[in-house]
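Subject: Structure for you to look at

Hello,

Here is the structure I promised to pass on. Please open it alongside this note.

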Amino acid sequence: MLIVENLHASVDGTDILKGLSLTVNPGEVHAIMGPNGSGKSTLGHVLAGRPGYTVTAGSATFLGQNLLDLETEERARLGLFLAFQYPVEIPGVSNMEFLKAAVDAQREQRGEKPIDAVTFMKNARENCKAVDLDPAFLKRGVNEGFSGGEKKRNELLQMLLLQPRLGILDETDSGLDIDALQVVARGVNSMRSADRAFVMVTHYQRLLDFIEPDFVHVLAGGRIVRSGDKSLALELEARGYAWLEDEVA
Amino acid sequence: MTDFMRLPLDSAAAGAPLWLQDYLREARSRWEGSTLPTRKTEEWKYTGLQALRVSYAAASEGVVGLAEAGVELPHFGGYRLVFINGRYCAEHSDGNLPEGVSLVRFADAGPAQAAAIRDHLGAAVGREEGLFTALNDASLEDGVFVEIEARVRVEQPLHVVWISGNQEQAFSINQRLLVLCRQDSTASVIEQFSGARSEQQSFTNGVTELLLEDGATLNHYRIHLEEAAAAHIGRQHARLETGATLNSFHLALGSVLKRIDVVVDHCGQRAHSELNGLYLPRGDEHVDYHTCIEHRVPNCTSTETFRGIIGDEATAVFNGRIHIHRDAQKTNAQLSNRNLLTSTRAEVNTKPELEIYADDVQCSHGATVAQLDEMSLHYLRSRGVSRAQAQTMLSFGFVNEVVDTVRCEPLRDYLRGILTRRFARDPAITGSMV
């Protein structure tokens, strides 16, 4: 589904990713862990096509297409979804309008007409319940004045409505209390299926107690230095990252 | 001197009531010999008056129906008074006047009302407020006088619609509104200026005076929907006495020439004003807002937010002046002006102008000219929304925030509808529909 090979990327002239390779097959859940500044968030941004992130070498294909050739919206329409670590506040654009525009873009991709407003609102309200977000937030500006936890729930709401093929969660667990964490985990687990995959970028093993990964990777110095199963996460929890960084160096 | 300038001097304003004649005589002598400002006049540096070089005749009564002229006439639930080409139109005016409110055309004023008009007309706008006010004064035949009695609270808005319709020649109209809010009264007044959907050339000069006595609250909306060749040079002056509150909202779509001067004069302590506005010229249109907030006495507050989206080859001017007099200690005055240029050929000239003579005041101002925020665009696009649609959504959002300040719900919905159509959004989903 996603094949990343020897990816090099830089931001403002600084090399961040230095030869990252990763293969994600349908149905799999991958966790990417690593110390601060190792390039975890950069990977998500590069895959989503954020301006200012320049790929200097390597390749990324998604569902057989060269991802790096596609515009950000084309990647999304193919089914790639990045849950932002810091979702953007857009006052004046209602959350409902934003969500419907996103859903309609997916429908257009499939050659379908825009969803009718009444059906859409019903769906949106139901999914609000699933992520434990007050439907009143649909009326507010996109993420405007949302707390950190509310923003993360709103990202999850978008993912539930868009039903992507690949969900990349960029530190969706950071700053969440245990109840909110379980809401996120329930949302992701409800979407797990044979033709959908997830990549979870996280600092903490805690999230993996609730969403069990098939693979755990450690990112350090811009590339993956160790891969294993979920026991690797437990080892990291116990020993920290220093021993791995030492090994690599 | 062009035709419209001679009009008030040539015709003796036959329709004006007798008690207004000396006011008119005085104004005519002020007006006589006036010349139009040029680009060298500081106040008119960025707004040319070429559009006034048309031969404008007096407005006639021969007016086609509103539907044929493409004029929308919304209803906001209260009393509605409609003027077409400066003439009162009984057919479209309706609603019941709430208790404690008198609303009368100058032409129909009884002796007591006439006396009140004579006492207050020109009280806010003054005698020195420029050429076009003199023209308006000198041309006064009819106008609207609204008086809210003391301690009366009016829930429904009073809606005054000024329409420039179609007639064979280019024409000019002068319109006047005088609102007197007595002590501790509360009311809402909506002024709507609409034009026929055509290439009709017209020039409207609309002057509004708002007088707020002690403790009065007024929500005032001045909505300019004229487009194409409908020129408008207008002025609104508000005078706030002790503890009075003015919430003032402005909107201007562009046209060949639009220049609106807004003055809010804080004359009594603890007066508060909120001034919000939007201007949206496109094509080769032009809009110019000059605002001036006067703080004459201590302990008053004012906030002002104007936003503009300027597209195509359109031009806009925003000049925001705050004048804090020597005695106006403890003043808190805020001004913000943000502009979005959606084309490389669009232009805006924005200038905050602070004149502060008191030393214990809080005053902030900011003016920005920008393109759309890249990170917001990216966020929308990362959900599959195309770049073009994301740009439209963000532009709509930029103005929608200011529309949210409109307190009158039916008006807010109406304006949102206009903007939704303008920004090609789905009306079912942009409003508060959940």
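Predicted model: local features only at pLDDT ≥ 70, side-chain atom pairs only at ≥ 80, totals over all residues.

Overall picture

Chain A has 9 helices and 12 strands. Its C-alpha atoms fill a box of roughly 55 × 40 × 35 Å along the principal axes. The radius of gyration is 18 Å. A compact globule of 249 residues would come out near 18 Å, so chain A agrees with that expectation. Of the 249 residues, 47% count as buried. I also looked at contacts between residues at least 6 apart in sequence. In chain A, 71% of these join residues at least 24 apart.

One helix pair

Two packed helices are described by the angle between their axes and the distance between the axes. The pair here is helix 3 (residues 95–109) and helix 5 (residues 148–162), both in chain A. Their axes come within 10 Å. They cross at roughly 30 degrees. Angles under 35 degrees count as roughly parallel, so helix 3 of chain A is roughly parallel to helix 5 of chain A. The crossing of these two helices is right-handed.

Which residues meet where helix 3 and helix 5 of chain A touch? From helix 3 come Leu99(A), Ala102(A), Val103(A) and Gln106(A). From helix 5 come Gln158(A), Leu161(A) and Leu162(A). By class, this contact has 5 nonpolar and 2 polar residues. It has no charged residues.

Best wishes

Technical notes
Residues numbered from 1 in each chain as written. Chains lettered and ligands numbered in written order. Axes fitted to C-alpha atoms, helices over the stretch in contact; angles between N-to-C directions. Helix = DSSP H or I, 4+ residues; strand = E, 2+ residues; numbered from the N terminus. Parallel < 35°, antiparallel > 145°, perpendicular 65-115°, else oblique. Left-handed = near helix turned anticlockwise from the far one by under 90°. Contact = placed C-beta atoms within 7 Å. Nonpolar A, V, L, I, M, F, W, Y, C, P; charged D, E, K, R; others polar. Rg over C-alpha atoms; globule rule 2.2 N^0.38 Å. Buried ≥ 20, exposed ≤ 12 C-beta atoms within 10 Å, placed from the backbone.
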